Amino acid sequence: MADNIRLVPRSSLFSNNEERIAYLEKLLNMHIDPVGGADTAVIAVGSAMFGITLIFIATAWINRRFSPIRAKNLPMVTCLFVAGVLWFVGDIPMNGHVLLKGTFSNCKEWNIWARVLFCFWYTTVLVVRCYALDRVFNQNKPTRGIAYYATSVVLVLFYLGYSIVTQAMPDKLTISYNSEVELCTTTHGYHYVTVIILWVNWLVFSFMMIRLRNIQSTFNEFYESLVILAFGIAAMIKTSVVHFTRPNYPLILGYRVAETIGDAFVSNGVILVIIAYPVIRSIYRSKEYEAKWLLRLRTDGLEDMYDANMRLRGDGPLNLRPLSGRKPYSAEARASDGVDVNSQYFRMSDYSSEKTNTVSPVVTLGGGPIVSPEHMLNIRRSQGLHMAAGGTDRSAQMLFGRPSLGSPANAKEGLESRRIL
């Protein structure tokens, strides 16, 4: 809140809250909405949001052996949740949803050590998550070692140092409590510095997004990060506009509701974007989904990479059984699924070795090993490019259980001999 509240005479005393509100309206020349039932509803709605997210996180931990969930880095997602909860707790008094009496009158502690610190923590976890993806995909380095952990340590120490310094500074330079009007007041300088640091965090996140733009993998990290970035930029625009155009926004019901609910929506929305779908699929047709997911992990050529970083590997053939016992190539299956299964897949037997006439099984749907056409086309393109350069196509080797031919002549012969059913 703006520091012009400091002009209130220390001799003013109010016998009730109505007198205090009337005095503030006269002092600030504005209408003031007292704390009431709407503020209680905001706290309840925000708590319900975090309750729903907690259910998803608890389910994820219960099903943590489910490979698509394990790939989401549950400890990091849990850190996001803890930071979001404490950020929300700090928003409650600082956005004016409770009367600032007793414990809630400790403005500096609530703002520095709950609201600001854990908002920093939240964005830091997202930046570190992007950095981990950059190390894996762009730098071909593991998510371990001194260089990896040093980044997190440096960021945490910086924000802890910022909090300690602002706590040690005189109240008149940062945040103070005006006991006469029972309000927290924040200086413009502290406000500007804090918001600028948050913007820098999101700009770093945007830079990491540029580095990750070419990621095409099983886990949709790039698209998830795009949605997260949209959430973050929207939240920062909201915060900047409200805080700088309405410095006394905690006194206005609409603004304080928008601030608190907006922050809660963003902090929960980001987490659900990351884990909601795999958590739902761990309950609904989990075996089928995991089998398809692991198949795509192999066809993307990322099995070794993620096995090294997240202990993810699909050992042996991935057997996928239809839930109803129907034959997947039957007219009944095509009618119920709405697609022509025969035209949607390649039969792996057509890509087996001509000498051995064998093939490594990948997924069994009751009609023979198959792989999706999208993955096979990607593999064929990459195989042709690699072999034309005299290289070895690793993803084809992982699929077919044998190295691909390295010479351009053999590559051309191999590609021309393959056909789509």
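Which residues form a disulfide, and how far apart are their sulfur atoms? In this predicted model, the partners are Cys 107 and Cys 184, with 1.8 Å between the two sulfur atoms. The structure holds one disulfide. Cys 107 belongs to helix H5 and Cys 184 to strand S2 (residues 183-186), so the pair ties together parts that lie 77 residues apart in sequence. The link of Cys 107 and Cys 184 is left-handed, with -80° about the S-S bond. Both of these cysteines, Cys 107 and Cys 184, are buried.

Cys 130 counts as buried because its relative accessibility is 0%. Cys 79, at 31% relative accessibility, counts as partly exposed, because the value falls between the cut-offs of 20% and 50%.

A step back to the whole chain gives some context for these details. The secondary structure of the protein chain comes to 16 helices and six strands. Of its 421 residues, 47% count as buried. Among contacts in the protein chain with a separation of 6 or more, 72% come from residues 24 or more positions apart.

The helix pairs come next. Two packed helices are described by the angle between their axes and by the distance between those axes. Helix H5 (residues 107-137), which also holds Cys 107, packs with helix H8 (residues 221-245) at an angle of about 155°, and the axes of H5 and H8 are 12 Å apart. That angle makes H5 roughly antiparallel to H8, and the crossing of the two helices is left-handed. On the H5 side, the contact involves Arg 115, Leu 126, Arg 129, Cys 130, Leu 133 and Phe 137, which meet Glu 221, Glu 224, Ser 225, Ile 228 and His 243 in H8. By class, the contact of H5 with H8 has five nonpolar, two polar and four charged residues. The buried Cys 130 is thus one of the H5 residues that meet H8.

Helix H2 (residues 37-62) and helix H9 (residues 253-283) form another packed pair, with an angle of about 15° and axes 8 Å apart. That makes H2 roughly parallel to H9. H2 passes H9 in a left-handed crossing. The residues of the contact of H2 with H9 divide into 20 nonpolar, six polar and two charged.

Some single residues also deserve a look. His 188 is found in helix H7 (residues 188-211). His 188 counts as partly exposed because its relative accessibility is 37%. Although His 188 and Phe 244 are 56 residues apart in sequence, their C-alpha atoms are 9.1 Å apart in space.

Most residues other than glycine have a negative phi. Against that background, Asn 29 has a positive phi, near 55°. Asn 29 is placed in the loop between helix H1 (17-28) and H2, and it counts as exposed because its relative accessibility is 72%. Arg 285 also has a positive phi, near 50°. Arg 285 sits in the loop between H9 and helix H10 (286-299). With a relative accessible area of 39%, Arg 285 is partly exposed.

Terms used: Residues are numbered from 1 along each chain as its sequence is written. This is a predicted model: local features need pLDDT of at least 70, side-chain atom pairs count only at pLDDT 80 or more; totals for chains, interfaces and linings use all residues. Side-chain values use heavy atoms; hydrogens and water are left out. Axes are lines fitted to C-alpha atoms, for helices over the stretch in contact, and angles run from 0 to 180 degrees between N-to-C directions. Helices (H or I, at least four residues) and strands (E, at least two) are DSSP runs, numbered from the N terminus. Angles under 35 degrees count as roughly parallel, over 145 as roughly antiparallel, 65 to 115 as roughly perpendicular and the rest as oblique. A crossing is left-handed if the near helix is turned anticlockwise from the far one by less than a right angle, and right-handed if clockwise. Contact means heavy atoms within 4.5 Å. Ala, Val, Leu, Ile, Met, Phe, Trp, Tyr, Cys and Pro count as nonpolar, Asp, Glu, Lys and Arg as charged, and the others, Gly among them, as polar. A disulfide is a pair of cysteine sulfur atoms within 2.5 Å. Buried means under 20% relative accessible area, exposed over 50%, partly exposed in between (1.4 Å probe, protein chains only).
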